[in-house]
Amino acid sequence: MAAPPSGKVIYEQEGVFIHSSCGKNDDQDSLISGILRVIEKENEVIVDWRPLDDTLDTSNILCAGKDSSSVVEWTQTPKEKCSRGADRPSSYEAEWDMVTTVSFKKKPHSNGDATTHANGESKWSFLFSLTDLKSIKQNKEGMGWSYLVFCLKDDVKLPALHFHHGDSKLLIKCLEKHVVLNESPQDKRILLVNSQNKSLSQSFENLFDEPSYGLLQKLKKDPYTVTMGRFSKVTNYIFDSFRLSDPSNQRRPPSEMADFLNDAIPGLKINQQEEPGFEVITRIDLGKQPEVSRREPVSAEEWAKNMDSDGRILNVDYIKQSIFKGGLCHTLRKEAWKFLLGYFPWNSTKEERANLQKMKTDEYFRMKLQWKSVSEEQEKRNSRLRDYRSLIEKDVNRTDRTNKFYEGEDNPGLILLHDILMTYCMYDFDLGYVQGMSDLLSPVLYVMENEVDAFWCFVSYMEQMHQNFEEQMQGMKTQLIQLSTLLRLLDSGFCSYLESQDSGYLYFCFRWLLIRFKREFSFQDILRLWEVMWTELPCQNFHLLLCCAILESEKQQIMDKHYGFNEILKHINELSMKIDVEYILCKAEAISMQMMNCKELPQAVSEILGIESSSVTPDSDNGEDESAAVLSCPTSLYQSVSTPVTAANGTTDSTQQMSETQS
């Protein structure tokens, strides 16, 4: 390979392929792997692409069918052909088994090699100056590998560059530092180059550089340790160190304690008074919490009775309500979770779902192929992929082994966990992997027992949880503010006590929210809790009401024993694996009824819970539609599906009853 132009390399990416039209058959493309660079040279910026190895025989590398739904085919070595045998499984996924056994074959270099010119440059190599760039065309989202087509000002279109080892967004961001790119009004996939001076706007961007950026990067790289680990280690030693061992200074103002916690969780300092839409919640009489009963889990027989001959679910609302009230029997979870998470449309037929799975199988293994084909040498030059792999391996190694599915160091479940998370990095390379994600995947993989289905269910789950793992963590900040708002309405006295103990920011709930209680309940209980939450009943943000239910259950002990800042953190942390899931579900539902029956519900609370109008009351006859009445009259919402099994009214007796009747 000829040397690239001299200058400062500001962007470099391997695994950027040209799909040439010289395949063995008319319906195949040969893929030519190359390296793409952006180089600063004097007052010029150059984009340069060239093959990684001009002596590579493209006829023996990789042929991808032009039909996006076809399966990638690899040329097999004689040894591989023998090892596969004649009795290969005939299932659709078996066609992808070669993903883990990729091989390349090189042919000896000869002076007559047709792929190179006399000067040593490959016929596929190209470079151009950004001053000559007219536009960039991008692929449609979700359509296989990310690719770009550069069009120059003389209307020359260069070969499409396919990014197999990541997406093209980083390149676009690099180019935007030197040229202004605007979407074409006619086609949003086309970015038009604006010739205005970029250096002026760039100077303004530099004004917003913050010294805390390093802390935020550290949080993004390892929030699991920064948040979860530090909560469990907030001991008397740390607290005394913060007080500087000054006997006369046994109390610190809440503002200083907030600063201390803000250092532990960068970027999450909360000042509610400065938050847009903040509303002061005054004391409101919510009335007595109603008693709530739960039913038996939905059985396979009940599920089947609610399907027509084509496999379409007949009454979606009934099924969701039944799952909310009782959960699912375990044998049904593998099928039902795909609907709850949005992988399967609720109105789809059995045939439509089979076709969807076939398409998603292709899509999954194409992405898996991207990182499976990265060599160690290539990974050394891709710091982001290297970091993702390191974090994934670290997280997978500390997966909860109490479940037999993940027992042992070389357990297949752990291997699949690793592979799915690596493939997710290809799916969303910008977010990549953030520690804690494996906590969300492990129960899903355990239930699905299938790599492809687990991946797409996880993708759907991450669409709900995405904001929890973003660098600025705005989603976490919003949830903590919303939780504070709900708790203040529910029990302003308890909120005042927490504030008096420097705990008003509710940071001790951070782990609950980050990974949806995964570390607070047993493995089997978390399956029940999640499937109930996924019904999105009885209101928005039901998980925040679950937090309220747990805190209200612990209020008496915290206040009676006069727990301070350190004791509150310790107590909440030690609740892990000691919470009765059925009791808390009952209590959270009762709180939702209590709030939605309130005639004077504050607007901020209505918005958090997704209630259209707080003025609608159970005895109103204002002609509101039925959906609004459902939110306003939750006491009658589940009467048709409620089979009393357990009940919660906030007393110790109900807790005992729950433990005796829990299925």
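At what angle do the axes of helix 11 and helix 16 cross, and within what distance do they come?

Analyst: This is a predicted model. Two packed helices are described by the angle between their axes and the distance between the axes. For helix 11 (residues 350-372) and helix 16 (residues 451-465), the axes come within 10 Å and cross at roughly 85 degrees. Angles from 65 to 115 degrees count as roughly perpendicular, and helix 11 and helix 16 are therefore roughly perpendicular to each other.

The residues that meet can be listed helix by helix. Helix 11 contributes Gln-357, Lys-360, Thr-361, Glu-363, Tyr-364, Phe-365, Met-367 and Lys-368. Helix 16 contributes Glu-451, Val-452, Asp-453, Phe-455 and Trp-456. An α-helix has 3.6 residues a turn, so residues three or four places apart point the same way. In helix 11, Gln-357, Lys-360 and Glu-363 are among the residues that meet helix 16.

Next comes Glu-379, which is found in helix 12 (residues 376-380). Buried means under 20% relative accessible area; at 12% relative accessibility, Glu-379 counts as buried. Leaving aside residues up to four places away in sequence, Glu-379 touches Val-374, Arg-386 and Arg-389.

As for Phe-469, its contacts, not counting residues up to four places away in sequence, are Leu-431, Val-434, Gln-435, Gly-436, Met-437, Leu-440, Met-462, Leu-514 and Ile-515.

Helix 9 (residues 316-326) can be followed from one end to the other. Asn-315 caps its N-terminal end, with a side-chain oxygen 3.4 Å from the backbone nitrogen of Asp-317. Within helix 9, the buried residues are Ile-319, Gln-321, Ser-322, Ile-323, Phe-324, Lys-325 and Gly-326. Their cover includes strand 12 (292-294), helix 8 (300-305), helix 10 (330-340), helix 20 (523-534), helix 21 (542-560) and helix 23 (581-596). Just after helix 9, Gly-327 takes a positive phi of about 80 degrees.

Most residues other than glycine have a negative phi, and most peptide bonds are trans. Asp-502, in the loop between helix 18 (492-500) and helix 19 (510-514), has a positive phi near 60 degrees. At 3% relative accessibility, Asp-502 counts as buried. His-562 also has a positive phi, about 55 degrees, although it is not a glycine. It lies in the loop between helix 21 and helix 22 (565-573), and at 62% relative accessibility His-562 counts as exposed. The peptide bond joining Leu-537 and Pro-538 is cis, with omega about -5 degrees; Pro-538 is in the loop between helix 20 and helix 21.

At 55% relative accessibility, Lys-599 counts as exposed.

Definitions and conventions:
Residues numbered from 1 in each chain as written. Predicted model: local features only at pLDDT ≥ 70, side-chain atom pairs only at ≥ 80, totals over all residues. Heavy atoms only, no water. Contact = heavy atoms within 4.5 Å. Buried < 20%, exposed > 50% of the residue type's maximum accessible area, 1.4 Å probe, protein only. Helix = DSSP H or I, 4+ residues; strand = E, 2+ residues; numbered from the N terminus. Polar contact = N/O pair within 3.5 Å; in protein donor to acceptor, adjacent residues only side chain to side chain. Axes fitted to C-alpha atoms, helices over the stretch in contact; angles between N-to-C directions. Parallel < 35°, antiparallel > 145°, perpendicular 65-115°, else oblique.
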